[in-house]
Amino acid sequence: MAGALVDVKPTPILKEELDIVIPTIRNLDFLEMWRPFFEPYHLIIVQDGDPSRTIKVPDGFDYELYNRNDINRILGPKASCISFKDSACRCFGYLVSKKKYIFTIDDDCFVAKDPSGKEINALEQHIKNLLNPSTPLFFNTLYDPYREGADFVRGYPFSLREGVPTAVSHGLWLNIPDYDAPTQLAKPLERNTRFVDVVLTIPGGTLFPMCGMNLAFNRELIGPAMYFGLMGIREPIGRYGDMWSGWCVKVICDHLGYGVKTGLPYIWHSKASDPIIAFVNLREEYYGIFWQEELNPFFQSAVRTKACATVQKCYIELSKQVKDELGRIDPYFLKLADAMVTWVGAWDELNVKVCAPVK
């Protein structure tokens, strides 16, 4: 009928340029809550644990699902660099994606609400973070100057106001905080109820504890450094894959001139309250709790040479330093250094387009 109104839904931002990566050991019923936000996008699901188990995905989602058999088939001998029985297996999804951007989320994370009661589209906020520059070289006291209603404050150098490309958007959590096991045991009932409406750039030269449960990144800029290491079965450590990756990513971003943002968006993090889980986490984190005291000064002083003009070259150089300087702590780091090299080799085999060189 002439003149009739047609309900045309706007095209989701970056629909053809972004994959959502989800590691899991269970049916993905949690996607029903995320359907309004995730359904237009392609999902890469990395099934951990028993590959003979069937994972159910709600109807209507566009997805590909990989289990351990698929990882072994695709990577062959290089499959040894992908963790087993740890959420660090998610980095296999980064490896096989062909999109420019990645958003990764855990299956115990749900849609949060802002103080007004409105559901938060976490993916949309991550995209906004990634598409706007970062300011790692000079701190702006109004935080992210590119957000609506903000700008650079008086005294901010005009020569730095263009900012640098944003490589990583690190989101936060309401309800269950991302605490280590000792803190979980000391504060079993603590919940995060504070919604802070802030996005800020992590300053250059500053490390941070990266959590992989609510994370987005520009795969073309930093993908080869988003390796979550060797965690879980057959390894002396677990639950540190995202931390390891975050430390590597940050020193490489600082070297290549990229930015990392943290703050919004929030997700609602829910997990079982059984205190036994905290003891299980403690067993997995035990060595990491001690090792991180040595890893912090290592990454603070890690040196990238001018010859390291791509992420891959930076990462290979970093692997050599891991072997030379951290191998004395435990043989695990010798194995990890070799796995870092294997990871880069797998990345280059599966990805024709390499990361952008430093400008």
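# Reading the features of a predicted model

Q: In which residue is the cysteine sulfur closest to that of Cys 109?
A: The sulfur of Cys 109 has its closest cysteine sulfur in Cys 211, at 7.4 Å, which is too far for a bond. In general, a disulfide is a covalent link joining the sulfur atoms of two cysteines, and here a pair counts as one if the sulfurs are within 2.5 Å. The sulfur of Cys 308 is likewise too far for a bond, since its closest cysteine sulfur, in Cys 314, is 4.7 Å away. By this rule the structure has zero disulfides.

Q: What should I know about the model before reading on?
A: This is a predicted model, in which local features need pLDDT of at least 70 and side-chain atom pairs count only at pLDDT 80 or more, whereas totals for chains, interfaces and linings use all residues. Residues are numbered from 1 along each chain as its sequence is written, and side-chain values use heavy atoms, with hydrogens and water left out.

Q: Are Cys 109 and Cys 308 buried or exposed?
A: A residue is buried under 20% relative accessible area, exposed over 50% and partly exposed in between (1.4 Å probe, protein chains only). Cys 109 counts as buried, at 0% relative accessibility, and Cys 308 counts as buried as well, at 4%.

Q: Which residues have the most contacts inside the largest nonpolar core?
A: A nonpolar core is a set of buried Ala, Val, Leu, Ile, Met, Phe, Trp, Tyr and Cys residues joined through side-chain atoms within 4.5 Å. The largest one has 68 residues, and those with the most contacts inside it are Ile 222, Met 226, Tyr 227, Trp 244, Phe 299, Tyr 315 and Trp 343. Helix H10 (residues 332-350) gives the most to this core, with ten residues; helices (H or I, at least four residues) and strands (E, at least two) are DSSP runs, numbered from the N terminus. A second, separate core has 30 residues, including Leu 14, Ile 45, Phe 61 and Ile 105.

Q: What does Tyr 315 touch, leaving aside its neighbours within four places in sequence?
A: Contact means heavy atoms within 4.5 Å. With those neighbours set aside, Tyr 315 is in contact with Pro 224, Ala 225, Tyr 227, Trp 244, Cys 248, Ile 252, Met 340, Trp 343 and Val 344.

Q: Which buried residues belong to helix H1, and what do they pack against?
A: In H1 (residues 31-38) the buried residues are Leu 31, Trp 34, Arg 35, Phe 37 and Phe 38. Among the elements they pack against are strand S2 (42-47), strand S4 (101-105) and strand S5 (109-110).

Q: What is the volume of the largest pocket, and which residues lie nearest its centre?
A: On a 1 Å grid over the protein atoms alone, a cavity is a set of points where a 1.4 Å probe fits but cannot get out, while a pocket is an open set with protein on both sides within 12 Å along at least five of seven lines, and lining residues have an atom within 4 Å of a point. Grid points are joined across faces, edges and corners, and a volume is the space filled by probe spheres set on them. The largest pocket has a volume of about 1,400 Å³. Its lining has 47 residues, of which Ser 87, Asp 106, Arg 239, Lys 271 and Asn 281 lie nearest the centre. Strand S1 (18-24), strand S6 (166-175), helix H7 (241-256), strand S9 (259-269) and helix H8 (275-301) each give two or more residues to this lining, and H8 provides the largest share, six residues.

Q: What lines the largest cavity?
A: The search of the whole structure finds one cavity of 30 Å³ or more, with a volume of about 70 Å³. The residues that line this cavity include Met 231, Ile 237, Trp 247, Trp 291, Phe 333 and Leu 336. H7, H8 and H10 are the elements that give two or more residues to the lining, with the largest share, four residues, coming from H8.

Q: Which backbone angles stand out at Pro 265, Lys 85 and Asn 175?
A: Most residues other than glycine have a negative phi, and most peptide bonds are trans. The bond from Leu 264 to Pro 265 is cis, with omega near 15 degrees, and Pro 265 lies in strand S9. Lys 85, although not a glycine, has a positive phi of about 60 degrees; this residue is partly exposed, with a relative accessible area of 48%. Asn 175, in strand S6, also has a positive phi, of about 80 degrees, although it is not a glycine, and counts as buried at 13% relative accessibility.
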